[in-house]
Amino acid sequence: MQSLKSDVHIVGICGSLRKYSYNRGLLQEFKKQLPSNIKYTEADISELPFFTEEREQSLTETVVKLKQLIESADAIIISTPEYNMSYTAVLKNALEWLSRRTLQTPLAGKPVALIGAASIQIGVSHSHLRDVLYALNMKLINRPIIQVGNAGGKFDEKGNLIDAGVKELLGKLKDEMVKVSANQ
Ligand SMILES: Cc1cc2nc3c(=O)[nH]c(=O)nc-3n(C[C@H](O)[C@H](O)[C@H](O)COP(=O)(O)O)c2cc1C
């Protein structure tokens, strides 16, 4: 029987760079609920250059650091809002960097959970993103589904989650991710 890992590391990627982002609020609440023996790091995708193939010839430190962080992860959690009924350009840019052969894509085979919040409704963005995660050969954690629409009343003015129902769902996702990560 395969033994469970004791040094689990989960990496979060936030698809919004907004200071008081609802999506960062979801990740922060997820982190808060993790047991103390699980390491959590949020990736910094804010300073990545726009991807072009020429820029692959000389990778910036931000790209290399992101790749190393993802390599060290047992599982990834992505939280993204819906922008014009899709996911955000900053997230797409990060995934394009991470998908390239020059980086020997560190995403392949990793479990990934997809959650998000938006001020009106959310769903189509996640459908689009699921196709990309499939292309990257990631293992999607499908339940619980966490798509927080009408987010305005569910977070305080600093982006902290205040909705008990969503907190409970994040707790269920945390249990699932801890289980899956320990088996990596
Ligand atoms: C360019 C842009 C497009 C947006 N499109 C949508 C949309 O399609 N559906 C929606 O519910 N909200 C939309 N919004 C509003 C976002 O849901 C809202 O800004 C949300 O707070 C973003 O998440 P964040 O708080 O994590 O930054 C859009 C916002 C921007 C800036």
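**Ground rules.** I'm working on a predicted model, where local features need pLDDT of at least 70 and side-chain atom pairs count only at pLDDT 80 or more, while totals for chains, interfaces and linings use all residues. I number residues from 1 along each chain as its sequence is written, and side-chain values use heavy atoms, with hydrogens and water left out.

**Sheet.** I looked up the strand order first. Five strands make an open sheet, ordered β2-β1-β3-β4-β5, with parallel pairing. For me, helices (H or I, at least four residues) and strands (E, at least two) are DSSP runs numbered from the N terminus, and two strands pair if DSSP finds at least two bridges between them. The edges are β2 (39-42) and β5 (139-148), each of which pairs on one side only. On average, neighbouring strands are turned by 20° against each other, direction ignored; axes here are lines fitted to C-alpha atoms, for helices over the stretch in contact, and angles run from 0 to 180 degrees between N-to-C directions.

**Pairings of β1.** I then checked who bridges to whom. β1 (residues 9-14) pairs with β3 (residues 75-79) in the parallel sense over five bridges, and G12 has I77 as its bridge partner in β3. With β2, strand β1 pairs over four bridges, again parallel; there H9 is partnered by K39. Getting from β1 to β2, the chain passes through helix α1 (residues 22-33), and this β-α-β crossover is right-handed. That means clockwise from the first strand over the helix to the second, with the strands pointing away from the viewer.

Helix α5 (residues 164-182) lies across β1, β3, β4 and β5, at about 170° to β5.

**Ligand.** I found 14 residues surrounding the ligand, the closest being S16, R18, S21, N23 and N84; to count, a residue needs a heavy atom within 4 Å. I also looked for polar contacts, pairs of N or O atoms within 3.5 Å. A backbone N or O atom of Y22 sits 2.9 Å from a ligand oxygen atom. The protein covers 74% of the 610 Å² of accessible area that the ligand has on its own (Shrake-Rupley, 1.4 Å probe).

R143 and P144 are joined by a cis peptide bond, with omega about -5°, and P144 lies in strand β5. N84 isn't a glycine, yet has a positive phi of about 50°; N84 is in the loop between β3 and α3 (89-98).

Terms used:
Contact means heavy atoms within 4.5 Å. A polar contact is a pair of N or O atoms within 3.5 Å; within protein, one must be able to donate a hydrogen and the other to accept it, and residues adjacent in sequence count only if both atoms are side-chain atoms.
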